[in-house]
Amino acid sequence: MKPRVTIVLGLQWGDEGKGKILDVMAAEADWVLRAQGGNNAGHTVEIGKEKYVLHLVPSGILRSDVSCLIAGGAVVDPAGLVKEIEGLTKRKIRTRGRLHLAAQAHLVLPHHRAVDQGSEKRRGHGKIGTTGRGIGPAYSDKAARVGLRAGELALPTKELGRRIRERVAAHNHAASAQGWDKISATRTIREIERAARVLRPYLADGVMLAHQAVASGKRILIEGAQGTFLDVDHGTYPFVTSSHCTAGGACTGTGVPPTAIHRVVGVLKAYTTRVGGGPFVTEDGTLGHLLHGMGREFGSTTGRARRCGWFDAVLVRRAVQLNGVTEMAITNLDGLDGLEKIPVCVGYRLNGKIFREPPVEASAWAKCRPVYRVFEGWCEPTTEARHWKQLPRKARTYLSAIAEMVGAPLGIISVGAGRDQTFRHG
Ligand code: IMP
């Protein structure tokens, strides 16, 4: 049977609207697999008047016939996941039997949060601007081979407690010298045991589940969290998250082999945003002011106002190459509705030269200045459009030009938060 696996991931710095696109695409899916990241992500889905913000649970959970897996490449804060499950249950969304947690996923423990927050404080002006959720330290422990995995939640209470106590003792030993808060082992054990009781029935061999779904020809979406330029290898290092947000990460995170992937949907905004520190060549305070004034572009996980800027074709062209994007889903087109002129960055100027590729070093990246091509704005609402032909001509010109510049075809266009405000190109 031919595998039917689609990767859906972000082509910018996260917050591209993946939650909404995944929710729409899940109408034609059997499984949604979350590949990496943790509850640093915030995927917002609006269904009618209801608004859902998902952090760890794949967006497919909002479609009752879709099964979901938090795969081994993710890092899971047990108490955070329980809170999310309880929130969904309260809103009559069934998770038992539909949501699965890979035993291979690593756990985010309270001391990881203490390290994350303490390290950020110490970095001062050079801080990364993390979400403070302990993601980096959890992935560090995984790489250092001292992490705890979700499967360990099924251990007898005494053994689980012993393993947690050992990790907390090591943390507390280093805490004073590093400027981290010390953690109570007893409180940690209590918190994790409570969460373990809820999560045990969700535990599964994530790789086996994914492979069974692939082998039986199920329609699978692999959900990427964050975005290409937050990828620890390919992003604006060190201003990145600690996982692989690119297409390769979707495969390692789920255990689904590259040969099973038949489609890669790159989600991107019609402009650019980023949260936290790091270079942002097209950042524009006036655009940010305008979008924030419209009530847009506030983080769904931390509530922070996002930094805003113009569309950066240099960046997205690189993301298209890195991920092997087969089609794009462009969101937030309506954010540009009121503008008379819309610049698009087509090159970076650095030391008197123009580059079409981004630099490697974050310090060089920070010195790049944008070379713009300016498009005429359409100055009318796009939110009511339901077909490509219903978009203003200038909006179509803008989108088609972007697709040509970055080298990937347009697939889906989104002109608002609602499920119905979505249509295919052409
Ligand atoms: P961390 O993932 O919390 O370690 O944060 C590292 C960087 O990634 C910071 O700049 C965060 O703002 C950013 N980040 C992490 N998760 C997301 C997300 O879901 N959307 C946008 N930015 C994110």
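Helix α5, spanning residues 157-178, holds both Glu159 and Arg163, which sit four residues apart, or about one turn of the helix. In this predicted model, the side chains of Glu159 and Arg163 pair up in a salt bridge, with an N to O distance of 2.7 Å. Side chains of opposite charge can pair in this way when their charged atoms come close. Searching the whole structure turns up 23 salt bridges.

Now for the overall layout. As for how they touch, 27 residues of domain 1 make contact with 21 residues of domain 2.

The size of an interface is often given as the accessible area lost when the parts come together. Here, domain 1 and domain 2 bury about 1,900 Å² between them, and carbon and sulfur atoms account for 62% of that area. On the domain 1 side, Val75, Pro78 and Ser242 stand out: they supply 27% of the area that domain 1 buries against domain 2, more than any other three residues.

What about the polar side of things? Nine residue pairs, both partners at pLDDT 80 or more, are in polar contact between domain 1 and domain 2. The rule also picks out one salt bridge across the interface of domain 1 and domain 2. Asp77 and Arg113 form a salt bridge too, and their closest N and O atoms are 2.6 Å apart.

In terms of secondary structure, β6 (75-76) and α2 (78-90) each bring at least two residues to the side of domain 1 that touches domain 2. Of the elements on that side, α2 gives the most, with five residues. Sorted by class, the side of domain 1 facing domain 2 comes out as eleven nonpolar, 14 polar and two charged residues.

With Gly129 the backbone is involved instead: one of its N or O atoms lies 3.3 Å from an oxygen atom of the ligand.

Note on methods: Residues numbered from 1 in each chain as written. Predicted model: local features only at pLDDT ≥ 70, side-chain atom pairs only at ≥ 80, totals over all residues. Heavy atoms only, no water. Contact = heavy atoms within 4.5 Å. Buried area = accessible area lost by both parts, 1.4 Å probe. Salt bridge = Lys/Arg side-chain N within 4 Å of Asp/Glu carboxyl O. Polar contact = N/O pair within 3.5 Å; in protein donor to acceptor, adjacent residues only side chain to side chain. Nonpolar A, V, L, I, M, F, W, Y, C, P; charged D, E, K, R; others polar.
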